[in-house]
Amino acid sequence: MKVVIVESPAKAKTINKYLGKGYEVVASFGHIRDLPPKDGSVDPDQDFIMTWAIDGKASKRVSEIASAVKSSDGLILATDPDREGEAISWHIVETLNARKALKGIPVERVTFNAITKDAVKDAMAHPREVDQALVDAYLARRALDYLVGFRLSPVLWRKLPGARSAGRVQSVALRLVCEREREIDMFQSREYWSIAATLATPKGQEFEARLVGADGKKINKLDIGSGEEADTFKKALETARFTVASVESKPAKRHPYPPFTTSTLQQEASRKLGLAPARTMQLAQRLYEGVDIGGETVGLITYMRTDGVDLAPEAVSSIRSMIGKEFGDDYVPQAPRRYNSKLKNAQEAHEAIRPTDIFRHPNQVRKLIDDDQAKLYELIWTRTLACQMESAELERTSVDIVADAKSRKLDFRASGQVVLFDGFLKLYQESRDDDGDDEDKNKLPAMKANDALEKRAILAEQHFTEPPPRFSEASLVKRMEELGIGRPSTYASTLAVLRDRDYIRIEKKRIHAEDKGMLVTGFLESFFSKYVEYDFTAALEEDLDRISNSEIGWKEVLRKFWKEFSAAIADTTELERTKVLDAMNETMGPHIFPARGDGADPRTCPSCNGGRLSLKLGKFGAFVGCSNYPECRFTRQLGSPNGEGDAAAEGGTPGTQILGKDPVTGEDITLRDGRFGPYVQLGEGEKPKRQGLPKGLSRSAVDLDIALNLLSLPREVAKHPTSGEPILVSIGRFGPYVQHGKVYASLTTADDVLTIGANRAIDLIVTKESGGGGSRFGRAASPGRVVGQHPDGGDIVARDGRYGPYVSWNGINATLPKGMGADAVTLEEPIPLIAQRAANAPVKKGRAAPKKAPAKKAATKAPAKKAAADKPAAAKKPATKTAPAKQAAAKKAPAKKTAAKKAPAKKK
């Protein structure tokens, strides 16, 4: 019997069926160990020794793997075919060696790009060793990320209150967003006019031409800068005679797009399907791991973490055959298409993302998977098919027209195109983030030189230049890839971290930089500029690629990086706060001090007119204050216009923004930063009325109307249909809720506390009263959604809980990963989560009857030796060493006891 290790239970189940008897397939549930999140896990003074610790949840899995391997004939590592997969395999081997579980047992490494029977069996026939160069690249990346995060973040905490963290890649991605925000802040709109003529051919066919020249001079987009100039042209054209000067037609071709890489899949899924990168990768993972088709689990797509654009020859042959079958031979090019990546740091070791079987039509698959999976599969299927189709053939026509306006000669031009053969456009066209006007999209009527044209209308239209658009998730991913920042597989997690840190927010699919993010970026640009430079970050990625190609040693890269980075950290030790503020004032000037409408110095205090405004750092973050403090107590929030929404002009509080007056009392309504986040307040005094902002409402979106609505809470939304008593809505410690007497029901993420209606409020209360809810503050206002049947019987139910969405089965509650909602989870995800939770949770009797203290004590002492065997290496010991049995047992025992005591609080 050979033991095969994969990452996920779904993958294990599928591969077990392919291999049959003689193999036991075990899931590692991803990484089994990591660097402990504390200082010292990477020690530069000891030549970058890295101390690994086995996660508490992984300890039991490691013991199960070790037990299976000890009685096996061999170990086969079948983790994913990338650096991360290679690292997981390496960690497993290192851990098993430390436990002396691999004595004399052969170890093999296999990789496959698709979870199909043929791919898996072919991989088993061609084993290799663990690729140490790939492991070294992983070690270098992990050490770099750790050193930046754990050495730079504390500097931020000390020098910039309110900052959360910095990261090697996340800080550079944040800089992209903040630079765009600054461009928008500094942008000055400019007026311009366009002149267009609606003309008709001798046959009466209308078309539009635009003014491009006058009196022998070219007119550019911004040259007509006022309405007076436009009127002058318009009057001249009213009596002009229009004649065709020339007609030029040129053939053109449009070639299909390459098949998907990780990055381009995330971009197109965002544009076409509205999916966030994290959601796209989640769905792609499910498609890769496969579904049951005809009693056999089959992967639907190839591995989804890749930047290669090539396809396997057999796949290309099948695709060409499918094109001929679906569209005819005219759509099949004479030779197969080959693609090469033009991006920095492309590692084209793997195929592009494609269906494992192109003949598996989206219509056949749709009934086997959920809607989002089906949409993503269809997107991958169409892109893959289109990439091998014939090019589209076009004809682009340009017509130059002369307008004879007596003493003036004005030049017009009309452009258009005709699709002569649609080729791949019959199936697929790539979307764009910022679609502009396409002048060539219209078909022009037939014309020839010297044709007289009839003027039907002259239109002079006013325009204003617009600032550059904010990044969408798709365009930010594209820009990061172009610059070589990070790896495609990390883009989704990078964006998630920036959102979680409140450095950015996403509104209407556009990424906005929060003030906190602007401050962090400004600080890093001022004092650690090298480490947020795009070229420097891209060069580090190139070094990691060189390590993976065995061209350079991984510790050599670390030594070079650490020498300069540690010096930069040391230089900030004695950095005074005034120097930080001066640098931030300079770097963030246009954002902190927006220009005034009257042209006055934006840094002059509007309250005392003598002081100078500057960035200040307070207990709860940054704000703008006057240099004449305490004589002048003017303050305002970042991002507030100068002289507007100012607070504390006469004895106010820093970090306070006045939104307006209460129409009833006449008191100020203010927006403030507090210990637990922003809140609104009515008036002053000993106990003024306050209300915190609900989750999802950014402080920049709060105006007087919203503040009044918040301060009106609790408010009555309905009468109970039975008792006639009021149903109230408000915001409590655990979020928004509705209340009827002593019955409380939490609002779901889809409900808005400010707009919830009577019917919805009644439904939540009635559902809770009928037993459909959990505890008073739980988010279980409905009985939940049945996801499906557990393999051991019984329904798996998804619910929204106090601390987020979770799944429940047979009394076991398992929290869903961040980004996975209770309304979107499918049957594949909960089963391994429940299994993992069951493996690590205290026994059910201990949870149900916490008063049985003696039983707990006995349970703690009895398995001491076993606990020692399962205990991972101590945090400060080398990875290959394990702690003595007695010491491990002693440390582990109290942990069990604590878990048993706390268990009841974890109930949903």
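What pLDDT does the chain average, and what share of the residues score at least 70? The average is 82, and 84% of the residues reach at least 70. This is a predicted model.

Stop 1: Colour by pLDDT and select residues 642-652. The pLDDT there is below 50, yet the model gives this stretch 31 contacts beyond near neighbours in sequence. Now select residues 773-782. Here too the pLDDT is below 50, with 33 contacts beyond near neighbours in sequence.

**Stop 2: helix 17.** Select residues 554-571, which make up helix 17. Show the side chains of phenylalanine 561 and phenylalanine 565. They lie four residues apart in this helix, about one turn. Both phenylalanines are buried.

How many aromatic pairs does the structure hold? The count comes to 18. Compare tyrosine 737 and tyrosine 744. Their centres are 5.4 Å apart with the planes at 55°, so this pair is tilted.

**Stop 3: around strand 29.** Tyrosine 737 is buried, at 13% relative accessible area. Tyrosine 744 is buried as well, at 14%. Next, select residues 735-740, which form strand 29, and pick out glutamine 739 within it.

Is glutamine 739 buried or exposed? The residue counts as buried, because its relative accessibility is 18% and the cut-off for buried is under 20%. Its side chain makes a polar contact with the side chain of tyrosine 744, at 3.3 Å. To see the surroundings, show Pro726, Ile727, Leu728, Tyr744 and Ile765. These are the contacts of glutamine 739 once neighbours within four places in sequence are left aside.

**Stop 4: two arginines over rings.** Select arginine 175 and tyrosine 534. The charged end of arginine 175 sits over the tyrosine ring, 4.4 Å from its centre. Then move to arginine 180 and phenylalanine 471. Arginine 180 lies over the face of that ring, at 4.3 Å from the ring centre.

**Stop 5: cysteines.** Select cysteine 178. This cysteine is buried, with a relative accessible area of 0%. Cysteine 387 is also buried, again at 0%. How many disulfides does a search of the whole structure find? The search finds zero.

Note on methods
Residues numbered from 1 in each chain as written. Predicted model: local features only at pLDDT ≥ 70, side-chain atom pairs only at ≥ 80, totals over all residues. Heavy atoms only, no water. Helix = DSSP H or I, 4+ residues; strand = E, 2+ residues; numbered from the N terminus. Buried < 20%, exposed > 50% of the residue type's maximum accessible area, 1.4 Å probe, protein only. Polar contact = N/O pair within 3.5 Å; in protein donor to acceptor, adjacent residues only side chain to side chain. Contact = heavy atoms within 4.5 Å. pLDDT = per-residue confidence, 0-100. Disulfide = S-S within 2.5 Å. Phe/Tyr/Trp six-rings, centres within 6.5 Å; stacked < 30°, edge-to-face > 60°. Lys NZ or Arg CZ within 6 Å of the ring centre and 35° of its normal.
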